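These are my notebook entries on one protein chain. I set down what I looked up, entry by entry.

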Amino acid sequence: MNFFINHWEAIIASLSFLMSVYTLWKNRTKIDVQWNHNIEEAGIDSVYCLKKNKNVGSYNFSYITHVDVINPSPRDIGYFDLRAFNPETNHNLHLLTKQSLTLGYEGSTIVHSVGKERYRMIIPERNSGVFKANSITKLDLVVVLNNSKDSYKELESLNTIAVSFRIAKFVISNRDPFARGMFRHYWYQGMKYDINGWQTRRTKQAAMQQSASAHQKKTSLKGLLSNFLQS
């Protein structure tokens with residue numbers, strides 16, 4: 001008993017220190033990132049913008065994956081520099097966000113059509129945002145390979161799609177190997193997906209789709225002619 005009486009100041013100071021350490025530990029910047037380890041090669045034009053129940057624009061060569069981010073801390077955590085890119089060249093690929101939608105597509109819902117089913121996609125607002133406190137953020141990541149003169153050389157050698165983002169937490173290890181300058185010091189999360197041979201597969205898909213479309217038109221024409229003859 002005398003020990004506590006004689007050392008009460010040190011005991012209180014120690015308890016205060018332990019409480020401070022516990023508070024810092026409880027409020028630490030920590031998130032759990034769960035990537036989908038597969039990427040889906042969506043059907044040609046099966047990802048599109050739906051506005052006022054009308055298809056206003058589709059994306060022919062789209063790749064879809066998903067990420068869940070769990071923020072167990074009691075405070076919001078900001079993220080930035082969400083990107084899709086070619087890890088061989090570090091050049092950005094087109095990642096769909098609400099901010100990156102083409103002019104005229106604003107306010108659209110991004111839809112993925114699989115057979116007769118249609119799915120509403122949860123794409124990011126922009127390439128930066130906030131993971132809310134004590135929450136799970138679910139994001140559909142849609143990477144579009146734009147076939148244009150400017151991107152031809154990039155797509156010709158593309159075999160891997162990488163996706164990553166950073167949060168404002170200074171780290172010594174786990175640095176982004178693709179970052180430059182000050183961005184190298186921030187904590188990052190990323191995933192790579194193998195799409196080797198995609199050009200051949202897409203060419204076959206386009207040919208099959210064109211053949212199916214021609215067959216459907218021919219069948220429709222026969223039906224119209226048959227109805228005409230029977231009338």
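Predicted model: local features only at pLDDT ≥ 70, side-chain atom pairs only at ≥ 80, totals over all residues.

Entry 1: Partly exposed covers the range between buried, under 20%, and exposed, over 50%. I then asked which side chain Lys-98 meets in a salt bridge. The partner is Glu-125, with 3.2 Å from N to O. Glu-125 is likewise partly exposed, because its relative accessibility is 43%. I noted where the two lie: Lys-98 is in the loop between β7 and β8 (109–114), and Glu-125 is in the loop between β9 (117–120) and β10. The pair therefore ties together parts that are 27 residues apart in sequence. Side chains of opposite charge can pair when their charged atoms come close.

**Entry 2: further salt bridges.** I recorded a count of five salt bridges. One of them joins Arg-201 and Glu-41, whose closest N and O atoms are 2.9 Å apart. Arg-201 belongs to helix α4 (residues 198–230) and Glu-41 to strand β2 (residues 40–41), so this pair ties together parts that are 160 residues apart in sequence. For Arg-201 I read 34% relative accessibility, which means that it counts as partly exposed.

I also looked up Lys-132, which forms a salt bridge with Asp-76; the closest N and O atoms are 3.8 Å apart. Lys-132 sits in the loop between β10 (129–131) and β11, while Asp-76 sits in the loop between β5 and β6, 56 residues apart. Asp-76 has 39% relative accessibility and so counts as partly exposed.

**Entry 3: Gly-78.** I placed Gly-78 in strand β6. Its relative accessibility is 36%, so Gly-78 is partly exposed. Which residues does Gly-78 touch, not counting those up to four places away in sequence? I listed Gly-129, Val-130, Arg-166, Ile-167 and Ala-168. Of Gly-78 and Ile-167 I noted that they are 89 residues apart in sequence, yet 6.1 Å apart in space, C-alpha to C-alpha.

**Entry 4: the nonpolar cores.** I turned to the largest nonpolar core, which has 31 residues. Ile-31, Trp-35, Leu-145 and Phe-165 touch the most other members. Among the elements that give two or more residues to this core are β1 (32–35), β6 (77–86) and β12 (160–170). For Ile-31 I left aside neighbours within four places in sequence and found contacts including Val-69, Pro-72, Phe-131, Phe-165 and Trp-187. Apart from this core I found another, of 13 residues, including Ala-42, Met-121, Ile-123 and Val-142.

Methods. Residues numbered from 1 in each chain as written. Heavy atoms only, no water. Core = buried A, V, L, I, M, F, W, Y, C linked by side-chain atoms within 4.5 Å. Buried < 20%, exposed > 50% of the residue type's maximum accessible area, 1.4 Å probe, protein only. Helix = DSSP H or I, 4+ residues; strand = E, 2+ residues; numbered from the N terminus. Contact = heavy atoms within 4.5 Å. Salt bridge = Lys/Arg side-chain N within 4 Å of Asp/Glu carboxyl O.
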